[in-house]
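Here is a short tour of one protein chain, going from the whole fold down to single residues. Take a look at the picture, then read on.

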Amino acid sequence: MSRIMVTGGAGFIGSNLIDELLRTHNKVVAVDNFNDYYNPKIKENNIKDILDNMRRLSIEPDSFKLYREDIRDREKMEEILTNHEITIIIHLASMAGVRPSIEKPNLYYDVNINGTLALLEVARKNPVNKLIFASSSSVYGNNQKIPFEEDDSVDYPISPYAASKKAGELICYTYHHLYEMSIACLRFFTVYGPRQRPDLAINKFTRLMMTDQPIPVYGDGSTQRDYTFIGDIVDGIMKTIDWIDKKEKKYEIFNLGGSKKITLNEMIATIEKALNIKAVVNRLPIQPGDVDKTFADISKAREILGYHPSKAFEEGIKDYIRWLRKHIKEDC
Ligand SMILES: NC(=O)c1ccc[n+]([C@@H]2O[C@H](COP(=O)([O-])OP(=O)(O)OC[C@H]3O[C@@H](n4cnc5c(N)ncnc54)[C@H](O)[C@@H]3O)[C@@H](O)[C@H]2O)c1
């Protein structure tokens with residue numbers, strides 16, 4: 001039985017994607033090393049949620065296989081690919097934080113570049129010739145031209161994380177060229193919603209505000225982000241799977257954003273309104289590696305993939321808070 005492989009399957013985006021893949025009758029193999037970048041218990045809870053949802057929807061237990069392995073372990077990856085008839089790899093595993101990448105550039109390069117290379121090598125040998133790579137809006141650096149288009153220069157990344165994502169896109173192109181693989185690189189723009197990583201601002205701020213603690217705000221609050229609800233990102237990935245399934249020897253880059261600019265102050269005000277709590281702000285200097293603004297031009301994804309993000313930010317924040325209230329645990 002053919003299966004879709006999801007690397008980073010216990011993480012925020014991966015676990016939400018797996019829920020949808022299983023709900024739509026796909027067979028999934030997940031690979032995750034449950035590293036401690038953030039509390040691994042959160043990742044265990046994500047997997048538990050997937051298994052609970054499977055039981056609730058009467059999905060065959062055999063539809064989902066989890067490997068607690070590292071993508072850099074080529075022998076293991078080879079074993080997994082040969083044990084299952086994998087048709088496509090959704091490569092989401094990475095070291096994902098911008099600021100920590102400045103502290104640990106070697107680790108970020110090892111996982112995000114060598115790990116991606118390891119996977120591409122194993123894929124082309126086995127052969128799995130379709131892959132979706134999780135890139136990031138951070139590749140645009142401090143691009144002054146907005147909204148960001150896929151053809152804009154991405155030669156000036158301002159963090160090791162951003163540079164590692166650009167390097168990932170480049171090595172994907174090389175494997176497409178050499179081995180005729182079909183590869184889509186998806187540049188995600190700040191994703192939020194249920195299961196969001198605890199290091200990301202919306203999660204951090206909401207939990208601090210719910211417990212009457214001050215929130216650390218870097219800069220004067222005028223920096224802007226294009227926030228994308230997790231349901232819209234999952235829909236964009238599902239549409240990319242449909243697209244790549246029908247394509248041979250293609251390489252494309254797509255922006256997946258919400259296509260709206262929201263300032264940091266507006267983001268805080270939206271959470272305040274949803275919680276009915278006034279935030280206590282601890283203002284701090286702008287952090288190195290943080291970009292001024294992100295804003296996606298999504299016309300390419302709209303035209304080619306049929307991607308239509310639909311969640312209004314206020315609604316997405318309310319959904320997230322509803323989820324958080326049900327799931328908040330002291331140890332996470
Ligand atoms: N969340 C966002 O806003 C956002 C924005 C742009 C890009 N992205 C990219 O999307 C992908 C998913 O992000 P996320 O927010 O779900 O992050 P996440 O940290 O929640 O998920 C990544 C998962 O990969 C796993 N992982 C890390 N290194 C691994 C390795 N060597 N082997 C196996 N598994 C490993 C981690 O344990 C984690 O569960 C990442 O590639 C990230 O860079 C995310």
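Two residues are in contact when they have heavy atoms within 4.5 Å. With that in mind, residues 24 or more positions apart make up 84% of the contacts in the chain with a separation of 6 or more. Keep in mind that what you see is a predicted model.

**The whole chain**

Let's zoom out. The chain has 11 helices and 13 strands. Its C-alpha atoms fill a box of roughly 55 × 45 × 40 Å along the principal axes. How does the radius of gyration fit with a compact globule? For 332 residues, such a globule would come in near 20 Å, and the chain has 19 Å, which agrees.

Of the 332 residues, 54% count as buried. The accessible surface comes to about 14,900 Å², and 49% of that belongs to carbon and sulfur atoms. As for charges, there are 46 positive and 47 negative ones, and their mean positions are 3 Å apart.

**Helix H6**

Now pick out helix H6, which covers residues 160-179.

**Two residues up close**

Ser159 sits in the loop between S5 and H6, while Ile86 belongs to strand S4 (residues 85-91). Are these two buried or exposed? Buried means under 20% relative accessible area, so Ile86 at 8% counts as buried, and Ser159 at 6% does too.

Here is what each one touches, leaving aside residues up to four places away in sequence:

| Residue | Relative accessible area | In contact with |
|---|---|---|
| Ile86 | 8% | Arg3, Met5, Val29, Leu81, Val128 |
| Ser159 | 6% | Val98, Ser101, Gly289 |

One of the partners of Ile86 is Val128. How far apart are Ile86 and Val128 in sequence and in space? They are 42 residues apart in sequence, and 6.6 Å apart in space from C-alpha to C-alpha.

Notes
Residues numbered from 1 in each chain as written. Predicted model: local features only at pLDDT ≥ 70, side-chain atom pairs only at ≥ 80, totals over all residues. Heavy atoms only, no water. Helix = DSSP H or I, 4+ residues; strand = E, 2+ residues; numbered from the N terminus. Rg over C-alpha atoms; globule rule 2.2 N^0.38 Å. Buried < 20%, exposed > 50% of the residue type's maximum accessible area, 1.4 Å probe, protein only. Areas by Shrake-Rupley, 256 points an atom, 1.4 Å probe, with all protein chains shown as cover. Lys, Arg positive; Asp, Glu negative; His and termini not counted. Charge placed at Lys NZ, Arg CZ, Asp CG, Glu CD. Expected span 1.5 Å × (residues − 1).
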